[in-house]
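Student: Please take a close look at the packing and charge pairing inside this model. I would like one connected account.

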Amino acid sequence: MKPLSGIKVLDLSRVLAGPLCTLILADLGAEVVKVEPPWGDETRGWGPPFLEGESAYFLSVNRGKRSLALDLKTQEGQEVVRRLAREADILVENFKTGDLRRFGLDYESLKSLNPRLIYLSITGFGHTGPRAQEPGYDAAIQGYTGIMSVTGEPEGPPMKVGVAWIDVMTGMMGAVAVLAALLERERSGEGQHIDLSLFDVGLFAMANLGESYLLTGIPPKRLGNAHAQIVPYGAFPAQDGWLILAVGNDEQFARLCQILELPDLPKRFPRNQDRVEGRKEVEGALSQVLRTRPRAHWLERLKEAGVPAAPVNDLEEAFSDPQAEARGAVWTLDHPLLGPLPTLANPLRFLSRTPASPTLPPPLLGEHTEEVLREAGFLPEEVQALVEKGVARTPPEKRQSP
C-alpha cells in the first residue's frame with residue numbers, strides 16, 4: 001500500500017505546474033488519468049531533445065499516469081469528463097479563468113455531481129484581481145514577482161532562474177493543497193475549490209528577500225552568486241572550476257581564513273555584519289587565493305576543517321555523485337516505445353512503510369483512452385464511435401479494437 005492508494009485523480013492540466021503536482025500524487029499511489037487534447041499536451045512537441053519522437057520535457061513530469069486523449073470542445077468530450085468526475089477524488093486543471101465554465105466543467109457544475117470532489121485550479125494570476133483573465137507563463141511571472149530583479153550579476157541584466165522555477169514551486173504547492181483538502185474532507189465529508197496562482201507562489205517564494213523589503217521598503221538588488229545577508233556565501237573560482245562557500249558563522253570564517261593563510265581577515269572582519277559591509281574586499285581576498293589551487297584541493301581541506309563548501313557541478317557530475325546513487329536519484333521505468341527509461345526520482349522517503357515509488361511510465365498519447373472509457377462504463381461500440389468522430393483518440397494500433 002502507498003499513502004494515496006485508492007485515490008482517483010482527474011488531471012486536466014498541461015505543461016509543467018499541474019503535471020508536476022499530479023506526478024507527485026501518482027508517485028504516492030494515486031490513480032491518475034491524464035486528459036489531454038487529441039493532439040496532445042503541448043510539451044510533447046517541446047524539444048529537442050527527443051527520443052523516438054518522445055519529448056524529454058513531457059517525459060519528465062508525466063510518469064504514473066494513464067493518457068485519455070479527448071476533445072473537450074465537443075459535448076461528447078465534456079460528458080466523458082463529467083462521468084469521470086463523478087468518481088474522482090481530485091481534479092487538477094490549469095485552463096484560463098472561466099474557460100471550463102463555458103464547457104460546464106467548472107467547480108460549481110461538477111460539485112453538483114460530486115460534492116466530495118477536490119478541485120484544484122492553477123492559473124497565472126488567480127480567479128480574482130485585475131489580471132485574473134491574463135494567461136500566466138513562468139518567465140513572465142518571474143518578471144512580475146521580483147525573482148529576476150535579484151538574479152544575475154550586479155552590473156548585468158536581470159536573469160531568470162535556469163529552470164521554470166515558479167512552475168515547479170506551484171506544482172509542489174498544489175500537491176500540498178490537495179493533500180490538506182483530502183485530510184479536511186475526512187472531517188467534513190465535503191470537497192472544495194482551491195485557487196492556486198503562479199503569481200501568489202512567486203511572491204511567497206521570495207522568502208527572506210520579500211520580508212526584507214516589507215520591513216525596510218528597500219528592494220534588494222542583484223548580487224550574482226552572493227548572499228544578501230551572509231558573507232562569504234556563494235560561488236568562487238578555483239584554478240580549474242567553481243566551488244561554493246557557505247560560511248554561516250564567525251568560527252567557520254576564521255577556519256576558512258586559516259586554510260587560505262589570510263590571518264588578518266578575521267581580525268578586520270570578525271562579525272558577519274562586518275563582512276557584509278566589506279563584501280567586495282572580503283570576497284576579493286578569498287578569490288585571489290582560491291584561484292591558485294585546483295577545486296579538489298580546496299574542497300578536501302575545507303571538508304577536513306568543517307567549513308561548508310561544495311563543487312558547482314554540471315548535471316553529469318551531479319548524477320554521478322556517489323550520494324545520488326546511494327539515494328536512488330534515478331528511477332528506471334519500462335517504456336512501451338523507449339524501453340528502459342531513466343526518470344528523476346521522487347525525493348519523498350517514507351522509511352518505515354508506504355514508500356513513494358514509480359508505477360507507470362509516461363504514457364503515449366491516448367495510450368489508455370479505450371481502457372479508461374470502458375472503466376467509466378462506455379460500451380465498446382460507444383468507444384469506437386467517439387474515436388471515429390474525433391472526440392477521442394487512441395494509438396494507431398488500437399484504433400480498430402472491437
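Tutor: What follows starts with the nonpolar core and moves on to the charged residues. The model is predicted: local features need pLDDT of at least 70, side-chain atom pairs count only at pLDDT 80 or more, and totals for chains, interfaces and linings use all residues. Residues are numbered from 1 along each chain as its sequence is written, and side-chain values use heavy atoms, without hydrogens or water.

The largest nonpolar core has 30 residues. Such a core is a set of buried Ala, Val, Leu, Ile, Met, Phe, Trp, Tyr and Cys residues joined through side-chain atoms within 4.5 Å. Buried means under 20% relative accessible area, exposed over 50%, partly exposed in between (1.4 Å probe, protein chains only). Leu-25, Ile-90 and Leu-120 touch the most other members. Among the elements that each supply at least two residues are helix H1 (17-27), strand E6 (90-93), strand E7 (118-123) and helix H7 (165-188). Helices (H or I, at least four residues) and strands (E, at least two) are DSSP runs, numbered from the N terminus. Leaving aside neighbours within four places in sequence, Ile-90 has contacts (heavy atoms within 4.5 Å) that include Ile-7, Val-9, Leu-25, Ile-118 and Val-178. A second, separate core of 29 residues includes Val-33, Leu-84, Tyr-119 and Val-383.

Now the charges. The structure holds 20 salt bridges, each a side-chain nitrogen of Lys or Arg within 4 Å of a carboxyl oxygen of Asp or Glu. One joins Asp-27 to Arg-63, with the closest N and O atoms 2.8 Å apart. Asp-27 lies in helix H1 and Arg-63 in the loop between helix H2 (56-60) and E5, so the pair ties together parts 36 residues apart in sequence. Asp-27 is buried at 1% relative accessible area. Arg-63 is buried too, at 2%. Lys-34 and Asp-41 form another salt bridge, at 3.0 Å from N to O. Both Lys-34 and Asp-41 are buried.

Glu-134 pairs with Arg-131, the closest N and O atoms being 4.0 Å apart. Glu-134 is partly exposed, at 34% relative accessibility. Salt bridges that share partners also join Glu-36, Arg-44 and Glu-54 into one network.

Asp-71 is buried yet has no salt bridge. Its place is in the loop between strand E5 (65-70) and helix H3 (75-87). The nearest side chain of opposite charge, Lys-73, is 6.2 Å away. Lys and Arg count as positive, Asp and Glu as negative; His and the chain ends are not counted.
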